Amino acid sequence: MQIGIIGVKFTGKTTLFNVITGADQPTGQGGVEPHLAVGKVPDSRLEVLTGMYAPKRTVHASIEWVDVPGFEGGAGPDGSREATRFLEHGRKVDALAQVVRCFDGGYGPSDPEGELETLALELGLADLQVVENRIERLEKEKARMGKVANLLEPPLFERLREQLENDRPLRDLELNVDEEKIITGYTFLTRKPMIVVLNHAEGEDAPAAAAETARAAGAEVVSVCAAMEEEIAQLEPEEAAEFLADLGEDEPAAHRMIRASYGALDLQSFFTVGPDECRAWTVRRGATAPEAAGRIHSDLERGFIRAETVAYDELVAAGSHAAAKAANQVRLEGKGYLVQDGDILEIRFSV
Ligand SMILES: Nc1nc2c(ncn2[C@@H]2O[C@H](COP(=O)(O)OP(=O)(O)OP(=O)(O)O)[C@@H](O)[C@H]2O)c(=O)[nH]1
Ligand SMILES: [Mg+2]
């Protein structure tokens, strides 16, 4: 899973990228190259399981983050748009996280609503260009061959164009299976899940109006103070916990940002446990037990027989796997079982 961090210049994207992935990219100086790094998905349940099993290693679920260079909205003298060029780096990701500057810093007064508007416009225009290119090609194809290969395509792309010209994101369009199939290769930006990260000044709240605007546009909204997250990330775990407790928080805002991203992508975690390894795995919500098994190894999916399953809460309440079993809380689930967030699975298989 990959998430692209996007936004106009100097909103705190690289600062957050560093916090989330442990990378050490320079901040405050822009740049034109994207950065890519993996960050673990924090999960307090995995810490508890690690305490129970004392495994040799603990492995978190992870997400890949792409720090897309910031851009200016608007067109240059030759009509080209910087945003369109930079947003190419956001085409292959599964979701977009827009960082919005709500702090003044040395960068002039903040304008969160303006930034949201700019991004919506630039994302829409970048998609519109792709749609118009395709329409042009279809017209050429029709002129040359008398008709187009796929008759569904011209009316579909006209609908896409209309949607974008009305300043609406493509994610709001209902498409049938055939239409979905046609557009899968186009990696439209406005069809991706969107997370809006309101980066506010220390000791302040994120502006409610901006949060409302972002939510109304279908985004998951989180607020952070990137500068403070940067400080917290440099503390020892105990110090960080104390610092957060003083603020009345139980976790860093960056954790909330990661979880919101997980949610926007419709993902959940299940666990495998044992003396060697306690591990969190990512599957989509609604995944079946064999699909989950396949995340671990393709053999486990192919030879899937049953999944010995216990819910996290029940395991922890029982105190041990044996106690949960004695209390009949360990179930044997078959191929049709839909994995639930926090399930602890042991896959029985034969190949
Ligand atoms: N006061 C304040 N400054 C911040 C905050 N977050 C980031 N900054 C500062 O803002 C400047 C820009 O931060 P970056 O993380 O480099 O911003 P960016 O969005 O990656 O910038 P570009 O890549 O140029 O678009 C740096 O000097 C940061 O230290 C914050 O929450 N509060
Ligand atoms: Mg940057």
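Let me begin with a term: a residue is called buried if its relative accessible area is under 20%, exposed if that area is over 50%, and partly exposed in between, with a 1.4 Å probe and only the protein chains counted. By that rule Ala289 is buried, because its relative accessibility is 0%.

Before I go on, a word on the source: this is a predicted model, in which local features need pLDDT of at least 70 and side-chain atom pairs count only at pLDDT 80 or more, whereas totals for chains, interfaces and linings use all residues. Residues are numbered from 1 along each chain as its sequence is written, chains are lettered from A and ligands numbered from 1 in the order in which they are written, and side-chain values use heavy atoms, with hydrogens and water left out.

To stay with Ala289 for a moment, this residue belongs to helix α11, which covers residues 289-296; helices here are DSSP runs of H or I with at least four residues, strands are runs of E with at least two, and both are numbered from the N terminus. Leaving aside residues up to four places away in sequence, Ala289 touches Phe304, Ala307, Gly334, Lys335, Tyr337 and Val339, where a contact means heavy atoms within 4.5 Å. Gln25, by contrast, is 264 residues away from Ala289 along the chain, and the two C-alpha atoms are separated by 39 Å.

Now to the ligand. Which residues come nearest to ligand 1? Of the 19 residues around ligand 1, they are Lys13, Thr14, Thr15, Gly28 and Gly30, and a residue counts as near if one of its heavy atoms lies within 4 Å of the molecule. By class, this shell has seven nonpolar, 10 polar and two charged residues; Ala, Val, Leu, Ile, Met, Phe, Trp, Tyr, Cys and Pro count as nonpolar, Asp, Glu, Lys and Arg as charged, and the others, Gly among them, as polar.

A polar side-chain atom of Lys13 lies 2.7 Å from an oxygen atom of ligand 1, while a backbone N or O atom of Phe10 lies 3.1 Å from a ligand oxygen and one of Ala226 lies 3.4 Å from a ligand oxygen. Taken alone, ligand 1 exposes 650 Å², and the protein buries 84% of that, with areas from the Shrake-Rupley method and a 1.4 Å probe, and, for residues, only the protein chains shown counted as cover.

Helices α1 and α8 (226-233) each supply at least two residues of the ligand shell, and α1 gives the most, with three. Helix α1 spans residues 13-21, and nine of its nine residues are buried, so this helix is largely enclosed by the rest of the structure. Gly22 follows α1 and has a positive phi, near 75 degrees.

Strand β5, residues 95-101, is also mostly covered, with seven of its seven residues buried. In a regular strand the side chains alternate between the two faces of the sheet. In β5, Ala95, Ala97, Val99 and Arg101 are buried on one side, and Leu96, Gln98 and Val100 on the other. Strand β1 (residues 2-6) pairs with β5 in the parallel sense over four bridges, where pairing requires that DSSP finds at least two bridges between the strands, and Ile6 stands opposite Gln98. Strand β6 (residues 194-199) runs parallel to β5 and is joined to it by six bridges, with Met194 as the bridge partner of Leu96.

Finally, where does Lys56 lie? Lys56 is placed in the loop between α2 and β3, and it counts as exposed because its relative accessible area is 68%. Lys56 touches Pro275 and Asp276, again not counting residues up to four places away in sequence, and its side chain makes a polar contact of 2.6 Å with the side chain of Asp276. The loop between α2 (44-53) and β3 (57-59) also holds Ala54, which has a positive phi of about 40 degrees although it is not a glycine.

Notes. Polar contact = N/O pair within 3.5 Å; in protein donor to acceptor, adjacent residues only side chain to side chain.
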